[in-house]
Amino acid sequence: MARPLAAAKKLSADPSKDADPCLVIFKGGFGSGESGGLLIGFGGEIVIEAIGLVKNYGGLCALDHFDLTVKTGEIFALLGPNGAGKTTTIKILCGLLSSDQGQVRIAGVEMAEEPQKAKTQIGLIPDEPYVYPKLTGWEFLELMAGMYRLNGRWAEKAVEYLKIFEMDAAARSRTLLESYSHGMKQKIVFTAVLMRRPPVMLLDEPLVGLDPKSIRHVKAIVQSCAQEGASVLLSTHILTLAEELANRIGILMNGRVQFMGTKLELHQFLKDRHVEAHSGESLEDLFLKATLKEEQ
Ligand code: ATP
């Protein structure tokens, strides 16, 4: 798999001057011009691919012909109001839920044809951390290492992340996961994913329940995973997080994609619809304008 940093290509300082702004990312996300502006060309492979996904729950269409590609090293943020279809999308992408129509390919592997092979490429952080309540933190990590047939080095990596999350002592104690707080469970789930360093990370509201220090660590870790080549799909209502981390965003409303692209393109999208928008506006402001316009 191509390493984006190794393949890094300097582009002009203003992404609008490059032929395709979608092919340009800033280190630290599209909102972080102040971060130093390392620019990386996205010539990488498509790793997450959704084609024409449709999902109905009875009479409700939760996803209506949804298409998405996320490339090597890219962080994509899926945004949208409550009930827009974000979790449904993530569940279909990771094979937890089947779609009524459409296809999912993960690292070129068809989810419907080779689900096990596709799923081994994915690290899922759901909004609700599912753990086995009667195991200790360390037993849970051992179980995950066995399930994914990780080699002996997994424990070293697990300890590295447990220390970052200040969970080393708790995980090695006899305390069962059932008595962990929400945030502690979330940190164990993060560790279970990060010790594998999967090429695809699907994160559904990953910061819920985490303390500010852990949030800072998670943001840095997600960025470093992407810089090392992981493709990240992130669903969140925290627009500052999307602005900080994501290279592209998608706005879903009622199961339909209203917009997909960079912040620069969202700004243009609004202007094309005669919505007053300024280039210096936050993603939060632009998002609210875009969703308000669609509701009208
Ligand atoms: P939120 O931001 O509130 O988490 P979301 O964008 O993740 O929302 P989804 O959970 O994907 O939205 O839900 C999309 C729509 O599908 C909603 O209208 C929801 O009520 C409906 N839905 C989701 N799961 C089911 C289910 N198992 N049965 C019936 N309807 C469902």
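Me: Helices (H or I, at least four residues) and strands (E, at least two) are DSSP runs, numbered from the N terminus. With that settled, which elements each supply at least two residues of the shell around the ligand?

Reply: In this predicted model, strand β4 (60-71) and helix α1 (86-93) each supply at least two residues of that shell.

Me: Where does the largest share of the shell come from?

Reply: Helix α1 provides the largest share, with 3 residues of the shell around the ligand.

Me: And which residues are around the ligand?

Reply: Around the ligand are Tyr 57, Leu 60, Ala 62 and Gly 80, together with Asn 82, Gly 83, Ala 84, Gly 85, Lys 86, Thr 87 and Thr 88.

Me: How does the shell split by class?

Reply: The shell around the ligand consists of 6 polar, 4 nonpolar and 1 charged residues.

Me: Switching to helix packing: how do the axes of α3 and α6 cross?

Reply: The axes of helix α3 (residues 137-147) and helix α6 (residues 182-194) come within 10 Å and cross at roughly 30°. Because angles under 35 degrees count as roughly parallel, α3 is described as roughly parallel to α6.

Me: Is that crossing left-handed or right-handed, and which residues make the contact?

Reply: The crossing of α3 and α6 is right-handed. On the α3 side the contact is made by Gly 137, Phe 140, Leu 141 and Met 144, and on the α6 side by Ile 188, Thr 191 and Ala 192.

Me: What is the contact like by class?

Reply: Between α3 and α6 the contact has 5 nonpolar and 2 polar residues, with no charged residues.

Me: On to Ser 214: is this residue buried or exposed?

Reply: Ser 214, which is found in helix α7 (residues 212-227), counts as buried because 21 C-beta neighbours lie inside 10 Å, and the cut-off for buried is 20 or more.

Me: What does Ser 214 touch, not counting residues up to four places away in sequence?

Reply: On that basis Ser 214 touches Phe 165, Gly 183 and Lys 187. Phe 165 is 49 residues away from Ser 214 in sequence, yet the two are 6.2 Å apart in space, C-alpha to C-alpha.

Me: Last one, Gln 103: where is it found, and what is it in contact with?

Reply: Gln 103 is found in strand β6 (residues 101-106). Leaving aside neighbours within four places in sequence, Gln 103 is in contact with Ile 51, Glu 110 and Ala 112. Between Gln 103 and Ile 51 there are 5.2 Å in space, C-alpha to C-alpha, and they are 52 residues apart in sequence.

Me: Why does Gln 103 count as partly exposed?

Reply: Gln 103 has 14 C-beta neighbours inside 10 Å, which falls between the cut-offs of 12 or fewer for exposed and 20 or more for buried.

Methods
Residues are numbered from 1 along each chain as its sequence is written. This is a predicted model: local features need pLDDT of at least 70, side-chain atom pairs count only at pLDDT 80 or more; totals for chains, interfaces and linings use all residues. Axes are lines fitted to C-alpha atoms, for helices over the stretch in contact, and angles run from 0 to 180 degrees between N-to-C directions. Angles under 35 degrees count as roughly parallel, over 145 as roughly antiparallel, 65 to 115 as roughly perpendicular and the rest as oblique. A crossing is left-handed if the near helix is turned anticlockwise from the far one by less than a right angle, and right-handed if clockwise. Two residues are in contact if their C-beta atoms, placed from the backbone, lie within 7 Å. Ala, Val, Leu, Ile, Met, Phe, Trp, Tyr, Cys and Pro count as nonpolar, Asp, Glu, Lys and Arg as charged, and the others, Gly among them, as polar. A residue is near a molecule or strand if its C-beta atom, placed from the backbone, lies within 6 Å of it.
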